[in-house]
Amino acid sequence: MVPHKGILCDPWSVSKERQEIQCTVTGEEDGQKLDRLVARYAGVSRRIARILISRGAVKANGRGVKILTKPMKAGVKLLIEKSLVEEAGQKKGKKIELHEADILYKDRWLVGIYKPSGLLSETDRLGSPSVQTLLPELLESQGESGEVHLVHRLDAGTSGVLVLARKPNIARAMHELFRQKKLKKIYLALSQGRLKKDHWCDAPIKRMPGQVARHGVHPEGKPSRTYLKELAFHDDNSLVLAQPKTGRTHQIRVHLAHLECPILGDKRYGGKAYIGEDYRPVHRPMLHAYALEFKHPKSSEPVCVEGPPRSDFKGLAESLGLWQNEFTLA
C-alpha cells in the first residue's frame with residue numbers, strides 16, 4: 001500500500017520488532033478528523049477505523065484518544081496498533097454470525113452460547129454486530145421468542161461461554177447470583193512466563209488515570225480475587241486456569257499482568273502480539289471463558305454451561321506445546 005502523500009510515515013512493511021504503524025500529520029492534513037486519517041492510512045473503511053479508535057488502538061502524541069471525529073493538528077504523531085489493524089483487515093467483509101451449534105444450553109428461562117472472539121456482548125454506538133442483536137435473530141429463526149437479557153459480559157476479544165436470561169425476573173435472579181458470588185467461573189488463558197505457584201491473587205483493581213480503558217492493581221482499587229493455576233508450561237509460555245471470585249473489569253488480564261505473566265496477544269497489559277522465531281501474530285488476547293456453573297434460578301438444580309476452546313485458542317496452545325487431551329479444571 002502506498003501511504004497518502006499528505007502524511008509523513010513509515011512504509012507498510014514495518015520491521016518485525018515494530019508493532020505499530022507510525023505517521024505524522026502534516027500541514028495538508030491539519031484539521032482533518034481522526035477517523036478519516038486512520039481509515040486512509042491503515043487502509044480500512046471509516047467504520048473499521050472507528051472501531052479501532054474505540055478499542056484504544058490509536059494514540060496521538062503517545063496518549064490514547066477515543067474521540068472519533070477529533071480534528072488533528074499538523075505535527076501530531078499517530079500510532080496505530082499493527083496487530084489490531086491486521087485483525088480488522090482479516091475480518092473486513094467477513095460477517096460475524098451466531099449459529100445453532102453456538103447454543104450450548106437452552107430452556108424456557110436461560111440460554112447459554114459460545115461467543116466467538118471479536119463479537120461484542122452488547123450493542124455499541126457504532127452499531128457493530130453483538131450478541132444482543134444476533135442471538136434474538138437466531139432464536140426467532142427457530143420459531144422461539146427472541147427476548148434475551150444480558151446478565152454478564154465478556155470482552156470483545158474473549159471467546160467462550162456467555163449466559164443470558166430469557167425473562168426479566170430471571171435476569172434479576174441471575175444478577176443476584178452474580179452479586180452474591182454464587183457462580184463458579186472458569187477461564188483458560190495462554191500467558192507468557194510462569195506462575196510461581198497456584199494461588200489466590202488478592203490485588204485491588206482500579207481504572208488508571210490518563211489511560212484508555214486500562215485498569216491496574218492499586219491500593220485504592222476495589223477488592224479483587226482470582227484463583228490461578230498452571231495447567232501446562234513449555235518454552236516460557238503457560239496454559240493457565242483462572243477462576244475469578246469478583247468481577248472487576250479486565251480482572252484476569254490485570255492480575256496475570258501483575259504477576260508478570262501477561263496474556264498472549266493482550267498488548268494493553270504487556271502481552272506479546274507476535275510469537276516464535278517467525279513472528280506469528282496473535283490477533284487477540286488469548287483468554288477463553290470455559291465454563292459457568294450455578295444453581296438454576298427456577299429449579300435450583302445445578303447447571304454447568306461448558307464451551308471448550310475452538311481452533312484459534314486451541315490451535316495456538318497446541319503449537320506452543322501447551323495442549324493436553326485432559327485437564328483437571330477444579
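Author: Happy to! Strands here are DSSP runs of E with at least two residues, helices are runs of H or I with at least four, and both are numbered from the N terminus.

A word on what you are looking at: this is a predicted model, where local features need pLDDT of at least 70 and side-chain atom pairs count only at pLDDT 80 or more, while totals for chains, interfaces and linings use all residues. Residues are numbered from 1 along each chain as its sequence is written, and side-chain values use heavy atoms, leaving out hydrogens and water.

Back to our pair. D202 is exposed, with a relative accessible area of 53%, whereas R225 is partly exposed at 32%. For these words, buried means under 20% relative accessible area, exposed means over 50%, and partly exposed is in between, using a 1.4 Å probe and protein chains only.

W200, in strand β11, and Y227, in strand β14, are 27 residues apart, and they form a tilted aromatic pair, 5.4 Å from centre to centre with 55° between the planes. Rings of Phe, Tyr and Trp (its six-membered ring) pair if their centres lie within 6.5 Å; planes under 30 degrees apart are stacked, over 60 edge-to-face, and the rest tilted. A search of the whole structure finds one such aromatic pair. W200 is partly exposed, at 34% relative accessible area, while C201 is buried at 4%.

Another ring to look at is that of F233: the charged end of R194 sits over it, 4.3 Å from its centre. That wording requires NZ of Lys or CZ of Arg within 6 Å of the ring centre and within 35 degrees of the ring normal. R310 is placed over the ring of Y114 in this way too, 3.6 Å from the centre.

Now for some other charged pairs. R253 and D266 meet in a salt bridge at 2.8 Å, N to O. Here R253 lies in helix α6 (residues 251-258) and D266 in the loop between α6 and β16 (274-275), 13 residues apart. Both of these residues are buried. In R50 and D35, the closest N and O atoms of the salt bridge are 2.9 Å apart. R50 lies in helix α2 (residues 46-54) and D35 in helix α1 (residues 34-42), so the pair ties together parts 15 residues apart in sequence. R50 is partly exposed at 25%, but D35 is buried at 0%.

To step back, the whole structure holds 13 salt bridges. The protein has seven helices and 19 strands, and 48% of its 330 residues are buried.

Terms used
A salt bridge is a side-chain nitrogen of Lys or Arg within 4 Å of a carboxyl oxygen of Asp or Glu.
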